[in-house]
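This report describes a structure in terms of its strands, its chain-to-chain contacts and its symmetry. Please consult the sequence and the model shown here while reading.

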There are 2 protein chains.
Amino acid sequence: MSSSVLAMSMSVDGYIAAPNDNPSNPGGDGFSRLHEWGFDPDRQTFRTSGPGGEVMAEILATGAVVSGRRTAEQANHWGGDHHGDGKTPAFVLSHRPPDPSVANYPLVKYVTDGIESAMAQAKAAAGDRNVHVIGAYTAQRAIEAGVLDEVLIHQIPVLLGGGRRLFEVLPSRVELEIIRVIDTPDATHIRYRILR
Amino acid sequence: MSSSVLAMSMSVDGYIAAPNDNPSNPGGDGFSRLHEWGFDPDRQTFRTSGPGGEVMAEILATGAVVSGRRTAEQANHWGGDHHGDGKTPAFVLSHRPPDPSVANYPLVKYVTDGIESAMAQAKAAAGDRNVHVIGAYTAQRAIEAGVLDEVLIHQIPVLLGGGRRLFEVLPSRVELEIIRVIDTPDATHIRYRILR
């Protein structure tokens, strides 16, 4: 059965974006520090070999993406193709219609009627593959709505000291089960199942 | 060479105390959730066997404790004997003199002249053994003062949803090096060296 998996790179102090995160400086000062494990800045490509390669390959094997609008816009909608495979759709959660330029990206679909709808559409598109979920706001809405199945944290060995946190206040405690830990020098990848 | 090691149990969302943490409810609602891996609530003792036993044995092998006042007072100064071995001193960082009752605890020593002094006294007492550091406020002061060598996070598979965070804002980024990961069903114990 297909799972929705929030996958985020997070500093040890809980930040997913560095200080001074704004539209002209997406992700904040030195944002790339959190993504070195999976993204080669020199070659501008995902790493699919080496210590983080197994984890990145797993992400790229998902069948759909659910993202928040902020995350999508900061990444320029991934050039219209998150996975770079020309076929995996990305469902972007927003209260407002997209910028007109998004019409050039047939794989990017805005969803304005809530996280349950976005997740249902993504699961339908993914079939028996998992759904890759990104974005702090989206994660919190998905947890609250009970439509998030797993959390994969790429715990990066750095204290950013400030920025945007992955987890803000939630309405209640959520128990998790550790289902896998991958220990590499660049990151500790911990996969949790959300218990309900 | 002896190291100062901050060792704290933390939820995946970064909390070390649960919501409604106050003197009459120390650690907040369900605080013990974060400590089950290392403390047996039925027997009221540290676990020294089982999956978390190796980590707890390491903590109990340290030669001195440095703690914040809040942490110490909430734990009733550990009955005067943090390790329960009748000999390991605990240095409590505070701006004010201790409550008079602390005079009954010869192993508990208040330090009012700053974290550098507390750490120096603890390292001298510990000899070639490590120093066990606890408390969020103390941790941040020690990082800022450059007197913390390692961070050992017991990452607990739960989202508490609120409470007190281990890491608030720091003045600058701090790079860490992963030196060991112990993967158990109850917690992921990640040990980092602070790089300077």
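In what sense do S12(A) and strand S10 of chain B pair, and over how many bridges?

## Pairing across the two chains

S12(A) and S10(B) (residues 158-159) pair in the antiparallel sense over 2 bridges. Within this pairing, Glu175(A) stands opposite Val158(B). Strands pair here if DSSP finds at least two bridges between them; the strands (E, at least two residues) and helices (H or I, at least four) are DSSP runs, numbered from the N terminus.

## Basis of the description

The model is predicted: local features need pLDDT of at least 70 and side-chain atom pairs count only at pLDDT 80 or more, while totals for chains, interfaces and linings use all residues. Residues are numbered from 1 along each chain as its sequence is written, and chains are lettered from A and ligands numbered from 1 in the order in which they are written.

## Interface and symmetry

Contacts (C-beta atoms, placed from the backbone, within 7 Å) link 28 residues of chain A with 28 residues of chain B. On the side of chain A that touches chain B, S9 (150-156), S10 (158-159), S12 (174-183) and S13 (188-194) each supply at least two residues. S12(A) gives the largest share, 7 residues.

A rotation of 180° with 0.0 Å of shift along its axis superposes chain A on chain B, with an RMSD of 0.0 Å. The two copies are thus related as by a two-fold rotation axis; the superposition is by least squares on the C-alpha atoms of residues with pLDDT of at least 70 in both. Gly14(A) is the residue of chain A that comes closest to this axis, at 3.1 Å (C-alpha). The copies meet through the same surface, because 100% of the interface residues of chain A are also interface residues in chain B.

## Strand S5 of chain A

S5(A) (residues 64-68) is largely enclosed by the rest of the structure, because 5 of its 5 residues are buried (20 or more other C-beta atoms within 10 Å; exposed, 12 or fewer; partly exposed, in between; C-beta atoms are placed from the backbone). In a regular strand the side chains alternate between the two faces of the sheet. Here Ala64(A), Val66(A) and Gly68(A) lie on one side, and Val65(A) and Ser67(A) on the other.

S5(A) pairs in the parallel sense with S8(A) (residues 131-134) over 4 bridges, and Ala64(A) stands opposite Val131(A). A parallel pairing over 4 bridges also joins S5(A) to S6(A) (residues 90-93), where Ser67(A) stands opposite Val92(A).

How values were computed:
Contact = placed C-beta atoms within 7 Å.
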